[in-house]
Amino acid sequence: MSMPFYVSPEQLTKDRAEFAQKGIARGRSMVATTYDKGVLLVAENPSASLNKISEIYDRIAFAGVGKYNEFDRLREAGIRWADGTGYTYSREDVDARALANYYAQYLGSMFAEGPKPLEIEILIAQLGNELRPTKLYHLAYEGTITDEERFAVLGGDADTIKQRFVDADQGTSDLAGALHHAVSALSGPDRVIPAADLEVAILEDRGARRTFTRVSDADVAELLTH
Amino acid sequence: MGLPLFSVGEDPGPSFLQYLDAQGVTRSLPMGVDSPHATTVVAVRAAEGVVLVGDRQATGAYIASRDVRKIEAADRFTAIAISGSAAMGMEFIRMAQLSFEHYEKMTDAVLSLEGKANYLSPLIQRNNLTTPFLVLPLLAGYDVNRRRGRVFEYDGAGGCYERSDFVTIGSGTPFAESALRLGFRDDMTIDETVELAALAVYEAGDNDPATGGPDFVRNIFPMIVTVTDAGFEELSHDETAERFRAIHERRTASGGRPGGALR
């Protein structure tokens with residue numbers, strides 16, 4: 001009869017973290033930042049149809065990096081949760097913080113008990129109003145949740161990109177300025193990311209109930225020439 | 001409610017209705033409760049889109065409300081209007097709005113106008129065959145794929161039929177439809193269509209006790225909506241009041257007789 005090897009909890013957690021980090025590092029990164037009128041989300045994504053950024057609700061956006069099938073399933077669950085909550089109670093009762101907590105619990109349980117940890121990171125962005133603040137909830141693969149006011153970076157290369165973002169940060173600017181800043185932080189000094197390889201979306205109040213808008217490649221190129 | 005995750009085989013897909021079913025959100029209803037109802041709403045095709053006009057009265061044994069909105073935007077290019085049980089109708093509008101938006105967010109694609117019209121069929125069927133609160137909606141909108149206005153009507157069992165001219169729903173239908181039959185022409189402008197549709201609802205309000213005509217005392221008027229390539233637009237209160245005042249003045253001048261001509 002064979003005995004299972006003993007693996008210490010420290011070792012197990014380390015192995016699982018390493019596994020998840022490796023998976024996430026294989027994909028491209030993304031940056032979210034506030035600008036004078038809303039929230040900007042920028043992902044490096046060569047695919048024009050497999051989105052990393054998506055609308056969840058009137059003032060809530062979702063972004064995922066890492067394994068597409070894993071974060072897309074959570075994106076769908078988020079839309080269902082938001083629409084279901086708004087239908088049961090009221091549209092103004094749909095709160096990004098509650099959704100971020102559910103994601104954190106799920107990621108945490110998959111990391112500790114799942115067959116394998118999820119190789120993803122998630123961002124839930126909320127455009128503020130008189131009821132709630134503008135927030136960027138960053139969820140790591142093991143369920144760690146952080147809320148950022150100004151910007152968040154997701155992906156394997158996050159530390160480098162974050163440093164580049166901070167070094168060039170000149171405070172809140174307009175959309176073109178914020179896009180410039182985010183894209184140059186993503187690309188670094190040595191390369192240029194073509195507009196077609198960028199997925200860009202914004203949350204901005206323009207009088208309508210829904211605030212999420214995708215920014216087309218043409219508009220991205222136009223904004224970047226400013 | 002926790003995070004609604006489904007296994008691959010049980011995933012309800014982008015349909016909000018199927019998602020609610022998977023969650024077990026069904027509503028049981030007491031039988032035999034009398035709820036306010038009755039309506040007249042017309043949807044008429046025009047050259048550049050569609051025009052909808054709907055009265056504002058909810059009627060039970062007495063007048064229950066004088067300023068109900070029976071026409072709502074289901075999304076940017078689609079209008080939905082209700083007749084029948086007010087409670088179910090409001091729920092119906094909510095469900096339709098949410099379902100179209102849910103589909104759009106889940107798939108990153110907008111449903112076709114025909115897709116939206118067909119989606120409502122089982123909703124009507126389910127409601128009308130299992131509850132005493134009958135709902136008969138209509139769906140009208142601007143088909144962005146075909147670049148023209150389209151109107152759809154339903155029967156009580158959920159059958160969906162596209163009409164090439166106009167649709168009327170509610171208790172004032174005989175009077176509104178008569179006016180539309182006499183006045184409808186192909187390729188009317190939006191302005192001409194608004195004129196005709198407003199007259200149709202005026203006639204219904206004049207003859208059907210459960211349809212509210214223009215209310216000059218309370219300054220409440222039937223709502224007028226256009227859906228064109230610019231999307232769903234509701235005419236302002238002043239503009240609507242002006243339209244109905246004009247009809248009313250003509251009718252007053254003729255001593256209440258329609259006078260044979262369309263006016």
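1. Start with chain A. Helix α4 of chain A, residues 158-168, lies across β1 (30-35) and β8 of chain A. Its direction is about 150° to β8(A). Keep in mind that this is a predicted model.

2. Helix α5 of chain A, residues 175-187, lies across β1, β2 and β9 of chain A. Helix α5(A) runs at about 30° to β2(A).

3. Now the strands under discussion. In chain A, 5 strands form an open sheet. Their order is β8-β1-β2-β9-β10, and the pairing is antiparallel. Which strands sit at the edges? They are β8 (151-154) and β10 (212-215) of chain A, and each pairs on one side only. On average, neighbouring strands of this sheet are turned by 15° against each other, direction ignored. As a reminder, strands of a sheet pair through backbone hydrogen bonds, either parallel or antiparallel.

4. Look at one pair in detail. Strand β2 of chain A covers residues 38-44, and strand β9 of chain A covers residues 198-204. The two run antiparallel, and 7 bridges join them. To find your place, take Ala43(A): opposite this residue, in β9(A), stands Glu199(A).

5. Move to chain B and its helix pair. Helix α4 of chain B spans residues 173-183, and helix α5 of chain B spans residues 190-207. Their axes come within 7 Å and cross at roughly 145°. The crossing of α4(B) past α5(B) is right-handed.

6. Which residues make that contact? From α4(B) come Phe175(B), Ala176(B), Ala179(B), Leu180(B) and Gly183(B). From α5(B) come Leu196(B), Leu199(B), Ala200(B), Val201(B), Glu203(B), Ala204(B) and Asn207(B). By class, the contact of α4(B) with α5(B) has 9 nonpolar, 2 polar and 1 charged residues.

7. Next, the contact between the chains. Chain A brings 15 residues to the contact, and chain B brings 13. On the side of chain B that touches chain A, α1 (16-23) and α2 (86-107) of chain B each supply at least two residues. Which element of chain B gives the most to this side? It is α2(B), with 4 residues. The side of chain B that touches chain A divides into 8 nonpolar, 3 polar and 2 charged residues.

8. Last, the confidence scores. The mean pLDDT of chain B is 90. Of the residues of chain B, 93% reach 70 or more. For the model, ipTM is 0.91 and pTM is 0.89.

Key:
Residues are numbered from 1 along each chain as its sequence is written. Chains are lettered from A and ligands numbered from 1 in the order in which they are written. This is a predicted model: local features need pLDDT of at least 70, side-chain atom pairs count only at pLDDT 80 or more; totals for chains, interfaces and linings use all residues. Two residues are in contact if their C-beta atoms, placed from the backbone, lie within 7 Å. Ala, Val, Leu, Ile, Met, Phe, Trp, Tyr, Cys and Pro count as nonpolar, Asp, Glu, Lys and Arg as charged, and the others, Gly among them, as polar. Axes are lines fitted to C-alpha atoms, for helices over the stretch in contact, and angles run from 0 to 180 degrees between N-to-C directions. A crossing is left-handed if the near helix is turned anticlockwise from the far one by less than a right angle, and right-handed if clockwise. Two strands pair if DSSP finds at least two bridges between them. pLDDT is the predictor's confidence in each residue, from 0 to 100.
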